[in-house]
Amino acid sequence: MNEFVILLAGCERISQKPYDTYIYIDNFMFGRHVEKQHLINFLLENNIAGPPPVLPIIGGRGVGKRTLVTHVCNDERVSSQFNFILHINGANLGQITENGNLSARTLVIEFFSDVDDNDWKKFYSHVTNLSRENKVIILTTIEKLERFGTVKPMTLNRLVYEEYRYLFKTLAFGSTDPVDHPQLIPIVEEFAELLEGRLIPANILADVLRKNLNVHFWLCKLRQVQITAKKNMTMSGAHPHKLFDQGHPAHFTGYILSPPTIITPNVPQNDLPQLRFGDLLTGHIFPPNGDFKLISWESRIPPYTSFVHTARFCLSLSQDQPESPLSGRKHRRPFS
């Protein structure tokens, strides 16, 4: 009961208006109350004698590791205790140590590959010498990096099916009462199963579906997702989401999409044309004849990251696909 009371105390209040819930979800972190409270407790706990504590947070691509940490760091209880929070790319550990460019009380380090133990020891020694009041959080998809932790690692999994279905339905219907569209409710169930708990596809598709609550339109989008999944299973033996998780490209009609790159605000981009995935799905915008950047999602909550694919045209795939806006053919029709 005590743990339950603590959990409730860490939850934000949600609007009591039943059909405004999607606005709350669309601009704030959904769920993760237990993980959020655990992370807050870690940051606010007084350090015992010894080196700074290190908490690894391990989870797959796009499960919300960055969002969770940023959300917690913006909490008044945390921000009032830490005057500076430094986010570090783990690939730059050596350069940071050599330059002595560390002064934060909380260090958030994101690793995209394994790290040499000697490099970590040198870095950790440097952090310890700066201040024993430091806290270190490691964000990674690599389980074996938990060896650097001094406390039990936190594993961030995808939402369970019931939570995910609720999230998708709330986002897809928006301010509309689902009871007014009973034919669409079973389609939500199919989407939830097909998307396998992935947050980015849920946001992309829900944003498109919410603008057109038409049964035919929803079924058409469901069929397109099913065809794309089947095509990748046939060609690569895996669902496109799993291919991205493993760092492999996936096929999307006449294009090959690279795994998404996480882009933070104010990062310079190359000169390739940029299109938004949602705009393509509505059928009102066509891709260029050539390579381009495909923005799958732009987060509306901190840290405001964008997930960007490089789309490369593949003639053999294009010839094997029915005509669509991503086919690269001259006479194209809307993707609808």
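Visitor: Hi! Before we look at pairs, what is a salt bridge here?
Guide: Hello! A salt bridge is a side-chain nitrogen of Lys or Arg within 4 Å of a carboxyl oxygen of Asp or Glu. This is a predicted model, where local features need pLDDT of at least 70, side-chain atom pairs count only at pLDDT 80 or more, and totals for chains, interfaces and linings use all residues. Residues are numbered from 1 along each chain as its sequence is written, and side-chain values use heavy atoms, with hydrogens and water left out.

Visitor: Which residue does Lys211 form a salt bridge with?
Guide: Lys211 pairs with Asp207, and their closest N and O atoms are 3.6 Å apart.

Visitor: And is Asp207 buried or exposed?
Guide: Asp207 counts as buried, at 15% relative accessibility. Lys211, on the other hand, is exposed with a relative accessible area of 63%. Buried means under 20% relative accessible area, exposed means over 50%, and partly exposed is in between (1.4 Å probe, protein chains only).

Visitor: How many salt bridges does the count come to?
Guide: The count comes to eleven salt bridges.

Visitor: What about Arg147, which partner does it have?
Guide: Arg147 forms a salt bridge with Asp114, with the closest N and O atoms 3.1 Å apart. The pair links distant parts of the chain, 33 residues apart: Arg147 is in the loop between strand 4 (135-140) and strand 5 (154-156), while Asp114 is in the loop between strand 3 (106-111) and helix 7 (117-130). Helices (H or I, at least four residues) and strands (E, at least two) are DSSP runs, numbered from the N terminus. Arg147 is partly exposed at 36% relative accessible area, and Asp114 is partly exposed at 35%.

Visitor: Okay, now Arg312. Where does it sit, and where is Asp291?
Guide: First, the two form a salt bridge, with the closest N and O atoms 2.9 Å apart. Arg312 lies in strand 11 (residues 306-313) and Asp291 in the loop between helix 13 (277-282) and strand 10 (292-298), so this pair ties together parts that are 21 residues apart in sequence. Arg312 is partly exposed, with a relative accessible area of 47%, and Asp291 counts as partly exposed at 29% relative accessibility.

Visitor: Which residues do salt bridges with shared partners join into one network?
Guide: That network is made of Asp114, Asp117, Lys144 and Arg147.

Visitor: Changing topic: what is the phi of Glu196?
Guide: Glu196 has a positive phi of about 55°, although it is not a glycine. Glu196 is found in the loop between helix 9 (185-195) and helix 10 (199-209), and counts as partly exposed at 34% relative accessibility.
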